[in-house]
Amino acid sequence: MKRAIFPGSFDPFTLGHYDIIKRGVTLFDEIIVAIGVNSSKTYMFSLEERQQFIREAFKDEPKVKVTTYKGLTVDFCKANNVEFILRGLRNPADFEFEKAIAHTNRDLAAIETVFLLTSAETSYIASSIVRDVIRNNGDYTKLVPNSVRVK
Ligand code: ADP
């Protein structure tokens with residue numbers, strides 16, 4: 001069974017994340033979308049809301065599971081029999097950042113990181129920009145799946 005983790009903050013989940021997972025399900029038997037919990041960070045959406053947004057978006061896709069985790073991604077992988085880390089690449093800055101993390105993870109454990117290039121239509125979308133649009137009462141609905149709504 002080919003199992004991958006798609007780790008991230010997902011604050012909030014965007015059409016860019018959605019695109020990577022949709023394409024990832026054609027490569028893996030199971031994708032665990034894992035929301036990393038970092039107690040020193042503050043988030044716009046609660047952990048429960050972030051989980052709910054992703055669950056709802058993939059309610060008809062049994063290959064996609066949603067969970068949360070603390071600590072190192074490689075430790076989560078070892079504990080849950082996950083062999084692959086799935087990440088999206090939007091631009092050269094993402095590449096530089098992801099390259100260092102992927103090398104480190106491979107030093108720490110025998111885990112391969114698989115990168116998918118983002119689709120042209122969603123490559124400009126970032127959670128930080130979505131948060132800015134929301135804070136300033138803009139129309140964020142074009143940037144996120146229908147399951148993501150501000151209460
Ligand atoms: P992190 O805090 O780990 O960067 P994010 O929630 O921002 O968490 O992103 C999780 C993953 O989704 C990362 O691999 C990131 O590159 C990818 N990603 C973010 N935005 C997009 C997008 N618009 N298109 C494709 N992948 C994206």
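Author: A nitrogen atom of the ligand lies 2.7 Å from a polar backbone atom of Ile-125. This is a polar contact, that is, a pair of N or O atoms within 3.5 Å; within protein, one must be able to donate a hydrogen and the other to accept it, and residues adjacent in sequence count only if both atoms are side-chain atoms. The model is predicted, and local features need pLDDT of at least 70, side-chain atom pairs 80 or more, whereas totals for chains, interfaces and linings use all residues. Residues are numbered from 1 along each chain as its sequence is written, and side-chain values use heavy atoms, without hydrogens and water.

Ile-125 leads on to Thr-14, which touches Ile-125, Ala-126, Ser-127, Val-130, Leu-143, Val-144 and Pro-145, leaving aside residues up to four places away in sequence. Such a contact means heavy atoms within 4.5 Å. Thr-14 and Pro-145 are 131 residues apart in sequence, yet their C-alpha atoms are 6.4 Å apart. Thr-14 is buried, with a relative accessible area of 1%; buried means under 20%, exposed over 50% and partly exposed in between, with a 1.4 Å probe and protein chains only.

Thr-14 lies in the loop between β1 and α1. Helices (H or I, at least four residues) and strands (E, at least two) are DSSP runs, numbered from the N terminus. At the start of α1, a side-chain oxygen of Thr-14 reaches to within 3.1 Å of the backbone nitrogen of Gly-16.

Gly-16 is itself one of the buried residues of α1, together with His-17, Asp-19, Ile-20, Ile-21 and Gly-24. The buried residues of α1 pack against the strands β1, β2 (30–36), β3 (64–69), β4 and β5 (112–117), and against α5.
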